[in-house]
Amino acid sequence: MSTAAPETTRDDPYFQKLFADRIGGVNYGKDTEIYKFEKIKRAKRKALADHPERKLLDFGIGENDSMADASIRKVMNEEVNKPENRGYADNGVIEYKEAAARFMQRHFGVTLDPATQITHAIGSKPAYAMLPACFINPGDVTMMTVPGYPVAGTHTRYYGGEVFRLPLLAENGFLPDFDSVPDDIYRRTKMLVLNYPNSPTGKTATPEFYEKVVALAKEKQFVVVQDAAHILLTFDGEPLSFLQTPGALDVGVEVHSMSKGYDMIGWRMGFVCGHERIVSAFADVKDNSDSGQFIATQKAAAAGLDDDSIPDRINTKYRRRLEKLVATLNQCGFDCEMPGGTYFLYAKSPSGTKSGESFAKAEDATRHLIEQFGIVTVPWDDAGSFLRFSVTYVADTEADEDALMQETKKRLGDAGLVW
Ligand SMILES: Cc1ncc(COP(=O)(O)O)c(C=O)c1O
């Protein structure tokens with residue numbers, strides 16, 4: 001929030017002083033801070049300029065590397081030509097909600113009424129932008145895990161609310177420590193946002209953890225929003241939905257995405273499901289924000305939800321790549337394990353190199369690895385220092401994956417990292 005004295009100059013448009021404080025007020029557009037992903041982009045540009053012959057090994061991409069399955073694209077092809085799909089979708093067509101209900105039943109044994117307990121979203125991101133509108137008045141609190149997906153927090157602040165950060169620390173198994181939350185925060189908390197399988201730590205939740213969350217939500221009286229974007233990329237057992245927990249349907253919603261588990265990132269489809277009253281509040285806010293996803297897209301996504309072989313194939317691919325990456329990194333001095341879920345490997349950041357380089361933060365290690373060795377990762381310095389390796393790199397065959405791992409091993413060996 002900017003309450004600084006107006007700093008308009010003669011070159012500014014007359015409306016410079018009209019920007020709202022929530023986006024920087026009169027200083028909007030003048031921020032000189034360089035954000036993490038821009039720093040990575042700059043380091044990549046420098047690496048390519050300094051070593052044009054060297055290919056970047058890009059573990060920094062957080063998006064699936066494949067197109068949606070041919071069967072989904074075929075349904076899209078058909079539905080796009082049907083006149084009945086042309087109009088506003090409003091809060092969504094029943095075909096998608098019914099497919100989502102079948103999905104929740106088949107995968108998790110959770111029974112939901114498609115008419116009242118499920119609403120689609122144009123990807124899950126907008127759902128995190130809208131859910132705070134349902135609950136947050138000025139002064140209210142959203143508790144969120146850090147590191148984490150920030151959108152619900154940004155919108156909580158837009159509504160004059162506060163974000164209470166729950167660090168996900170290695171020593172707590174990347175689960176939040178609810179005992180450390182002050183009473184004053186609990187009194188003001190209206191929403192708890194969780195995300196399991198967790199991005200970027202790769203941790204999965206347990207039934208016992210979710211039981212504790214349900215009990216706490218009832219005791220302290222807040223709603224739970226569980227982000228299930230990576231749920232079909234679960235590797236340590238069966239995927240677990242928050243809504244499987246006894247009592248979960250009394251306290252919250254789970255938000256699902258078609259992006260990661262179905263290779264449908266750009267299609268923008270997801271759904272919010274759970275307590276009927278919360279789903280309906282979300283649908284009301286949504287109805288005042290957008291007019292629904294294109295109906296043909298919803299029907300193609302419904303076909304995807306009904307075909308479990310699609311997420312199975314995607315899960316198999318990313319599991320295989322993660323296993324190869326874990327083995328490779330461990331041969332180079334890292335100490336990492338197969339993540340429980342997501343396509344990310346969250347590895348403790350090195351503190352320096354044998355040749356005397358020292359890294360105060362993961363951000364320094366990232367820059368060094370990009371510029372000197374052409375290896376791209378994403379640094380996380382919010383709760384300890386970690387590097388996030390994503391296995392969404394482009395490789396057409398398993399032999400290509402192996403060649404990429406060989407090259408990674410060679411370059412990391414040359415880097416001589418120490419911890
Ligand atoms: C943890 C998490 N939640 C939600 C999202 C949003 O996904 P989408 O809007 O594509 O459904 C992402 C995307 O990167 C994510 O990583």
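# Exercises on helix packing and sheets

The crossing of helices α2 and α10 is right-handed. The structure is a predicted model.

**Exercise 1.** Which relative direction do α2 and α10 take, and which residues meet?

*Solution.* 
- Step 1: locate the helices. Helix α2 covers residues 70-79, and helix α10 covers residues 295-305.
- Step 2: read the geometry. Their axes come within 8 Å and cross at roughly 150 degrees.
- Step 3: classify the angle. Angles over 145 degrees count as roughly antiparallel, so α2 is roughly antiparallel to α10.
- Step 4: list the contacts. From α2 come Ile72, Val75, Met76 and Glu79. They meet Ala296, Thr297, Lys299, Ala300, Ala303 and Gly304 in α10.
- Step 5: sort by class. This contact has 6 nonpolar, 2 polar and 2 charged residues.

**Exercise 2.** Describe how α4 packs against α9, and give the classes of the residues in contact.

*Solution.* 
- Step 1: find the pair. Helix α4 spans residues 125-135; helix α9 spans residues 276-287.
- Step 2: take the angle and the distance. The helices pack at about 110 degrees, with axes 9 Å apart.
- Step 3: name the arrangement. The range for roughly perpendicular is 65 to 115 degrees, so α4 is roughly perpendicular to α9.
- Step 4: name the residues. Ala127, Met130, Leu131, Ala133, Cys134 and Phe135 belong to α4. Their partners in α9 are Ile278, Ala281, Phe282, Val285 and Lys286.
- Step 5: count the classes. There are 10 nonpolar residues, no polar ones and 1 charged.

**Exercise 3.** What is the strand order of the sheet with 7 strands, and which strands stand at its edges?

*Solution.* 
- Step 1: write the order. The open sheet runs β2-β8-β7-β6-β5-β3-β4, with mixed pairing.
- Step 2: Neighbouring strands are turned by 20 degrees against each other on average, direction ignored.
- Step 3: examine one pair. β3 (residues 141-146) and β5 (residues 189-195) pair in the parallel sense over 4 bridges. In that pair, Val141 has Thr189 of β5 as its bridge partner.
- Step 4: Helix α3 (residues 94-108) touches β2, β7 (252-257) and β8 (270-274), and its direction makes about 65 degrees with that of β8. Helix α5 (residues 151-158) touches β3, β4 and β5; its direction makes about 150 degrees with that of β4.

**Exercise 4.** Why is one side of β9 and of β12 left without a neighbour in the sheet?

*Solution.* 
- Step 1: write the order. This open sheet of 3 strands reads β9-β13-β12, and its pairing is antiparallel.
- Step 2: look at the ends. β9 (344-348) and β12 (378-380) are at the edges with a single partner strand each, so one side of each has no neighbour in the sheet.
- Step 3: note the twist. From one strand to the next it averages 30 degrees.
- Step 4: check a pair. β12 and β13 (residues 386-390) run antiparallel and are joined by 3 bridges. Trp380 has Phe386 in β13 as its bridge partner.
- Step 5: Helix α11 (residues 309-331) lies across β9 and β13, at about 15 degrees to β9.

**Exercise 5.** Which domain does UniProt place at residues 55-391, and how much of that stretch is helix or strand?

*Solution.* 
- Step 1: read the record. The unreviewed UniProt entry gives "domain: Aminotransferase class I/classII large".
- Step 2: take the composition. Over residues 55-391 the chain is 37% helix and 17% strand.
- Step 3: compare the ends. The end C-alpha atoms of this stretch are 16 Å apart.

Definitions and conventions:
Residues are numbered from 1 along each chain as its sequence is written. This is a predicted model: local features need pLDDT of at least 70, side-chain atom pairs count only at pLDDT 80 or more; totals for chains, interfaces and linings use all residues. Side-chain values use heavy atoms; hydrogens and water are left out. Axes are lines fitted to C-alpha atoms, for helices over the stretch in contact, and angles run from 0 to 180 degrees between N-to-C directions. Helices (H or I, at least four residues) and strands (E, at least two) are DSSP runs, numbered from the N terminus. Angles under 35 degrees count as roughly parallel, over 145 as roughly antiparallel, 65 to 115 as roughly perpendicular and the rest as oblique. A crossing is left-handed if the near helix is turned anticlockwise from the far one by less than a right angle, and right-handed if clockwise. Contact means heavy atoms within 4.5 Å. Ala, Val, Leu, Ile, Met, Phe, Trp, Tyr, Cys and Pro count as nonpolar, Asp, Glu, Lys and Arg as charged, and the others, Gly among them, as polar. UniProt positions are given in the numbering used here, feature names are shortened, and annotations may be inferred rather than shown by experiment. Two strands pair if DSSP finds at least two bridges between them.
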